[in-house]
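Student: I have a new model to read. Please take me through it one feature at a time.

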Amino acid sequence: MEPPRLLIIDDDPEISDYIKTMLTLDAPHFRINILGSARECLEYLKKNEVDCILSDYQMPDMSGMKLLETLRSGGSDIPFIFITGQGSEEVAREAFKIGANDYFTKDIGFAHFPRIINSIEQAVKNREDNRQRRLTVDALKESESRYKDLVELSTDFIYRSDRYGNQLFMNDAAYRMLEATPEEVNGQPWQKWIHPEDIKRTMESFGEMMAKGIDAFNFENRFVSKSGKIIHVMHNVRVLRDEHGTITGTQGIARDITERKLAEMALKEAGKEKNAVFHMLTHDIRGPLSVIYGYGDILKTEGGEAAKIMGEIQKAARRISLLIDDMLAISRLESDEAGLILQPVFAMELIEQAVKDCEMFARERRVEIKIEVEPKTPRIYADSAQIRRAVTNLLANAVNYNREGGTALIRAGAVPKDPMKMFIEVSDDGDGIFEEDLPRLFEKYYRGKNAGKNRGTGLGLAMVKAAVDAHGGKVKVSSRRGEGSKFTIILPVKPGIS
Ligand SMILES: Nc1ncnc2c1ncn2[C@@H]1O[C@H](COP(=O)(O)OP(=O)(O)OP(=O)(O)O)[C@@H](O)[C@H]1O
Ligand SMILES: [Mg+2]
């Protein structure tokens, strides 16, 4: 603590000096100033900090009592000690009543200086302690009101309930959300405000968490407001315990996620509708297509020009049917309910089927198809229809974008250094792909600049990617303009195991 700054007020300078001398003997650290009147003191205090005043009782222009009164009514808490010649019980009592800290008489030859010093030091210390206490209380009050503001201003729903599930507290946002008053909420079970369909699930997830000893967790459910509005919320709950670990209640924040939920539900609906349209279209188009195809076969037996034309019609019908296959496969693979039908598949089987699919096309284009399958090629678990379609698409491209007399090569084997993966690679002798097209090649409906008048829709590679992704695999392309292209599919032996 800093050395106390003292003021001695007395109209008799000799007495003041004497007091100062005596105090300094025992308390040399005191910093003492002497003033001759109460008015001087008031002036002095306007500009200076003082830790304690020792004042005479009776002075000509203004008494010590009056001085003390003036100070206290102005809110000053400076310790004030009387040193007076006219000591009486009555005066002392009066002095204490208006806020004096102590009271000494000048008589006894000032034998009691140690007591005066003690009194000064005590008064100064008390004042400092009081100030600190006030500061702490103020700080506490402020932080409390800050938290209160936070809770009340929050747009999130903040609540607390006792261990029986009765609400104890909710913030304004909560009352607003539920359109309820505190009386309608507090002291009553929280279930009152939960959507009836969600109560059981909510209690179960609570029970589960508590059984597992997890004290902080999240879950979603729905509130129903007084007027029946349904509010989707995400809860962030904490279990409260006392010092023995016994559960005393819960406390939580719930955030309104209604908008997000509604958007998600709308999206799901839209997805369902899209899928419904897809399936309807494919069935209603596929049926008539197979009729065209079938009658075509009958007509072709007639021979002649008509048979040739019928062949073209059939080819067109087949193209439509393949296109629908790709559209369907992509939409199914991209939706949540992909539902792959996994079964053991050999690379050789897949490749032979893909070659069969493209044979006619290759003959027409005068492209030779070559196959190289390593003997150690692992058998994989896959949805063979999807992977076969993917390989067919790659091979069809290798034929379609090849040159006359070129070769399409399909290779398969174990990935070097990773025998738990299989690769299938399709390469060709075509003109290759422009570099700027490479990054977008696997997008739906994207066709490269080289596609030119070669027929196509831009769905083939998108289907390849969707199928490979669904199996947890990868597809890569490497191509340079003028040097042919190479597409590589890498598939894990079992989806989900790498
Ligand atoms: N082997 C290849 N050689 C050269 N370009 C290719 C090759 N494979 C794909 N491409 C390029 O990639 C583009 C996209 O191929 P994708 O198979 O997705 O569609 P598409 O062949 O144009 O139409 P379709 O839906 O009938 O398959 C093609 O338009 C072509 O530009
Ligand atoms: Mg294609």
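Tutor: Start with a term: a crossing is left-handed if the near helix is turned anticlockwise from the far one by less than a right angle, and right-handed if clockwise. Helices (H or I, at least four residues) and strands (E, at least two) are DSSP runs, numbered from the N terminus. This is a predicted model: local features need pLDDT of at least 70, side-chain atom pairs count only at pLDDT 80 or more, and totals for chains, interfaces and linings use all residues. Residues are numbered from 1 along each chain as its sequence is written, while chains are lettered from A and ligands numbered from 1 in the order in which they are written.

Student: Is the crossing of α10 and α13 left-handed or right-handed?

Tutor: Left-handed. Two packed helices are described by the angle between their axes and the distance between the axes. Here α10 (residues 304-334) and α13 (residues 460-470) pack at about 35°, with axes 9 Å apart. Axes are lines fitted to C-alpha atoms, for helices over the stretch in contact; angles run from 0 to 180 degrees between N-to-C directions.

Student: Which residues in α10 meet α13?

Tutor: D326, A329, I330, L333 and E334 do; their partners in α13 include M463 and A466. Contact means C-beta atoms, placed from the backbone, within 7 Å.

Student: What is the strand order of the open sheet of five strands?

Tutor: Strands of a sheet pair through backbone hydrogen bonds, either parallel or antiparallel. This sheet runs β7-β6-β10-β9-β8, with antiparallel pairing. Pairing needs at least two DSSP bridges between two strands. Inside, β9 (residues 230-241) and β10 (residues 247-256) share nine bridges. M234 stands opposite R255 in β10.

Student: How many residues of β4 are buried?

Tutor: Five of five, in residues 80-84. Buried means 20 or more other C-beta atoms within 10 Å of a residue's own; exposed means 12 or fewer, partly exposed in between, with C-beta atoms placed from the backbone. In a regular strand the side chains alternate between the two faces of the sheet. In β4, F80, F82 and T84 point one way, and I81 and I83 the other. Strand β3 (residues 52-55) runs parallel to β4, joined by three bridges.

Student: Which residues have the most contacts inside the largest nonpolar core?

Tutor: A390, V391, L395 and A467, in a core of 42 residues. A nonpolar core is a set of buried Ala, Val, Leu, Ile, Met, Phe, Trp, Tyr and Cys residues joined through C-beta atoms within 7 Å.

Definitions and conventions:
Contact = placed C-beta atoms within 7 Å.
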